[in-house]
Structure formats: C-alpha cells, structure tokens
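Hi,

Here is the structure I promised to pass on. My notes on it follow below.

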Amino acid sequence: MSRRTRRHAARRAARRAAAPRRLLLGALGTAGAIVLGVLAGGGTFALWTVAAPAASAVTLQAGSAGLTSTALQLSATNLYPGRTVYAATTVSNTGTTPLALTIDPVTSTAATPFTTAVAVSVGKTSSAADCTAGRVPATVTTTVGAAGSDLQLTLAPGASQLVCIGVGLPQNVPAAAAGAAASVLTITISGTQVRR
C-alpha cells in the first residue's frame with residue numbers, strides 16, 4: 001500500500017469517526033436556533049391567540065322549583081269490586097323552571113288486604129265534573145307499593161293543570177279484601193326539572 005493510499009484511508013477513517021459528532025453538533029445547533037427563536041419571538045405567539053372582550057356582563061341566576069296542589073277529598077267508604085271514586089285536584093308549578101310530573105309510589109299506614117287491593121288511577125282533565133263522573137282516561141294506574149310512574153305531563157313555570165285521581169277496587173279483587181279494614185293512603189305527585 002502506497003503512502004498516498006494510506007493517507008486517503010486515514011482521512012476516510014477520520015471522516016467516518018467524525019460523522020456522528022458532526023450530526024450531533026448540527027442537531028444541537030438546530031435545537032438551539034429553535035429555542036432562541038421561541039424565546040426571542042415571544043411577541044409572535046400573540047399573533048396565534050385570539051381574545052375579545054365580553055360584549056356585556058352576564059348575570060347568573062339560580063332557578064327554583066315549586067309544586068303545589070289543592071286539597072283532595074277521596075273516601076273508600078262503600079267501595080266494592082268494580083267501583084271507583086274520583087276527585088280532582090289542581091297541580092301548579094310555582095317555580096321558575098318547567099317540571100315533568102310523576103306519581104311517587106303510593107303508601108298506606110297499614111298494609112291490609114283491602115288497601116293492597118286498591119287501584120289508584122291518575123289522568124289529566126279539563127273539567128272537575130268529567131273527573132267525578134269517571135269520564136277521564138287514566139294516564140297511570142298503580143297500586144300500593146308499586147314503583148312510581150311518569151304522568152307524561154310537563155308544567156311550564158306558573159302553569160296549572162287539573163288532575164283527576166281515582167281510587168277503586170278491581171273486579172278480580174281477592175275475597176280477603178271484602179270487609180277488611182281500610183287505611184289512609186298517601187298519593188304524592190312530584191315534579192322533576194326539565195332541561196331547556
């Protein structure tokens with residue numbers, strides 16, 4: 001191998017050995033230029049953001065939910081299989097949000113054979129006379145202890161609705177209910193806020 005060939009081989013080996021170092025220095029130089037560009041050009045960042053003042057002040061106000069009903073007079077006296085007695089009550093939304101109405105589970109002070117056989121029906125009506133005459137179709141029919149049900153009725157704030165409630169004994173009432181003691185029933189209508 002000649003001296004010239006050895007020199008070329010040594011230069012090539014030196015260049016190969018220096019290549020990773022040159023790449024590392026180039027990468028560091030580029031990273032340094034980016035960091036300096038970001039630090040020096042902090043004002044340029046503002047061009048990429050958008051800010052605008054609010055047109056007017058916004059006031060947040062909490063809504064309220066309120067539900068009332070008029071007194072309901074129903075008596076199970078002289079009920080027999082197939083007979084239902086009806087009475088109307090006015091349910092009013094006294095709050096500021098719409099309310100979807102449901103009937104909660106009906107409860108009684110004592111679970112006698114008579115009260116557990118009683119069926120409670122609820123429907124909306126436009127006339128108290130239609131209600132007491134039994135001419136109102138029931139939206140929901142339930143019994144003592146059964147799960148609550150949706151009345152498919154939403155009251156707007158300040159609105160009222162006449163609701164017809166019936167208490168009766170079905171035709172197929174068990175014989176044990178005949179002559180059994182009655183107890184006080186609690187019928188509760190609730191309102192759940194509706195999202196606007």
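Is Gln-152 buried or exposed? Gln-152 is exposed, at a relative accessible area of 63% (exposed means over 50%, buried under 20%, partly exposed in between, with a 1.4 Å probe and protein chains only).

Before the rest, some housekeeping. This is a predicted model, where local features need pLDDT of at least 70, side-chain atom pairs count only at pLDDT 80 or more, and totals for chains, interfaces and linings use all residues. Residues are numbered from 1 along each chain as its sequence is written, and side-chain values use heavy atoms, leaving out hydrogens and water.

Back to Gln-152: its phi is positive, about 55°, even though the residue is not a glycine. Gln-152 is part of strand S7 (residues 149-155); strands here are DSSP runs of E with at least two residues, numbered from the N terminus.

S7 belongs to an open sheet of three strands, ordered S7-S3-S10 with antiparallel pairing (strands pair if DSSP finds at least two bridges between them). S7 and S10 (189-193) are the edge strands, each pairing on one side only. S3 (residues 99-103) and S10 are joined by five bridges, and Ala-100 sits opposite Thr-192 of S10.

The other glutamine I looked at is Gln-161, in strand S8 (residues 160-168). Gln-161 counts as buried because its relative accessibility is 17%. Its side chain comes to 3.1 Å from the backbone oxygen of Thr-125. Leaving aside residues up to four places away in sequence, Gln-161 touches several residues, including Thr-89, Val-91, Lys-124 and Leu-153 (contact means heavy atoms within 4.5 Å).

Cheers

Terms used
Helix = DSSP H or I, 4+ residues; strand = E, 2+ residues; numbered from the N terminus. Polar contact = N/O pair within 3.5 Å; in protein donor to acceptor, adjacent residues only side chain to side chain.
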